Each structure stands twice: as C-alpha cells, then as structure tokens.
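Please open the model in your viewer and keep the selection tool at hand. The tour moves from one selection to the next and says what is to be found at each stop.

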Amino acid sequence: QVQLVESGGGLVQAGGSLRLSCAASGGTFSSDGMGWFRQAPGKEREFVAAISRNGGSTYYADSVKGRFTISRDNAKNTVYLQMNSLKTEDTDVYYCAARHKYYSGTYYYTQGYQYDYWGQGTQVTVSS
C-alpha cells in the first residue's frame, strides 16, 4: 500500500513562492507517475501538474504553466511542486497522487480517476 505525505503548505503573500513536497512509501516510487491536484471546499478537484515515472515528461494546467514546476527525486521517493508568482486564486488544498498505470500521455496524467493513491493534502493560502 502506497502512502503519500505532503508538506510545505502555508500562508504566503501574492507574488511569493512555496515548494510543496510529497514523500512516498510502501511502493516502488520509480514505477509510478505522480501528480498534484487541488481542491477548495465546494469546488471540484482540479489538475495542477504531473510528471512521468522517469521525470522525462511533465504536464501542467494552463492556469499554472510558467509559474509552477513539478520535479521528482526517485532516490528520495519524493515529488516536488515549486510554486512561484503565487496568486490569490491559487489558494486551495493541494493533494499529491500516485498513478500505477502504464498508459501515458496528457489525458491520462491529467485525470484524477487515473490515480490510485492520494495524500491527505496540504493547505496553501495566498493573501492579497
């Protein structure tokens, strides 16, 4: 059973930066595609970014492209989300997810139902 633990969330002013981390255990991290999603109360879950098993492919939502960067360190079983130029609309709970499937491509990496394991989430609040 894969366990995912997010960290790095917090309160930041608009224009600032945060780096989220997601530590994985209980599985073979290098076999899993990894993604970040976000969700606010009463809103649907939204895809943010994803990265393939070997880090060779990355995917971003249009709303974060150019501001957020996803990366992974397979030696540390950790995936990161560097968030720069944060906006108030980035305020959400951010969830890390692991995808143990072999279909690849933008569609499969951006759909929440394609992910098998989820973390508990970390709150990101961007103030104006």
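Begin by selecting Val 2, Leu 4, Ala 24, Ser 25, Gly 27, Thr 28, Phe 29, Asp 32, Met 34 and Ala 98, which together line the largest cavity. Here a cavity is a set of points, on a 1 Å grid over the protein atoms alone, where a 1.4 Å probe fits but cannot get out, and a lining residue has an atom within 4 Å of such a point. The largest cavity has a volume of about 40 Å³, where volume is the space filled by probe spheres set on the grid points, which are joined across faces, edges and corners. The structure holds 1 cavity of 30 Å³ or more. The lining of the largest cavity divides into 6 nonpolar residues, 3 polar and 1 charged, where Ala, Val, Leu, Ile, Met, Phe, Trp, Tyr, Cys and Pro count as nonpolar, Asp, Glu, Lys and Arg as charged, and the others, Gly among them, as polar.

Before going on, please note that this is a predicted model, in which local features need pLDDT of at least 70 and side-chain atom pairs count only at pLDDT 80 or more, while totals for chains, interfaces and linings use all residues. Residues are numbered from 1 along each chain as its sequence is written, and side-chain values use heavy atoms, with hydrogens and water left out.

Next, select Cys 22 and Cys 96, which are joined by a disulfide with an S to S distance of 2.1 Å; the term stands for a pair of cysteine sulfur atoms within 2.5 Å. Cys 22 belongs to strand β3 (residues 18–25) and Cys 96 to strand β9 (residues 92–99), so the bond ties together parts that are 74 residues apart in sequence. Strands (E, at least two residues) are DSSP runs, numbered from the N terminus. The torsion about the S-S bond is about -75°, so this disulfide is left-handed. Both Cys 22 and Cys 96 are buried, where buried means under 20% relative accessible area, exposed over 50% and partly exposed in between, with a 1.4 Å probe and protein chains only.

Now show the rings of Phe 37 and Phe 47. Phe 37 is buried at 2% relative accessibility, and Phe 47 is buried at 11%.

Which residue lies over the face of Phe 37? Select Arg 45, which is found there at 5.9 Å from the ring centre; for such a contact, NZ of Lys or CZ of Arg must be within 6 Å of the ring centre and within 35 degrees of the ring normal.

Finally, turn to the loop between β7 (68–73) and β8 (78–83), where Ala 75 has its place. Ala 75 is exposed, with a relative accessible area of 77%. Asn 77 is found in the loop between β7 and β8, and this residue has a positive phi of about 55° although it is not a glycine.

Conventions. Helix = DSSP H or I, 4+ residues; strand = E, 2+ residues; numbered from the N terminus. 1 Å grid on protein atoms, 1.4 Å probe; cavity = no way out; pocket = protein on both sides within 12 Å on 5 of 7 lines; lining within 4 Å.
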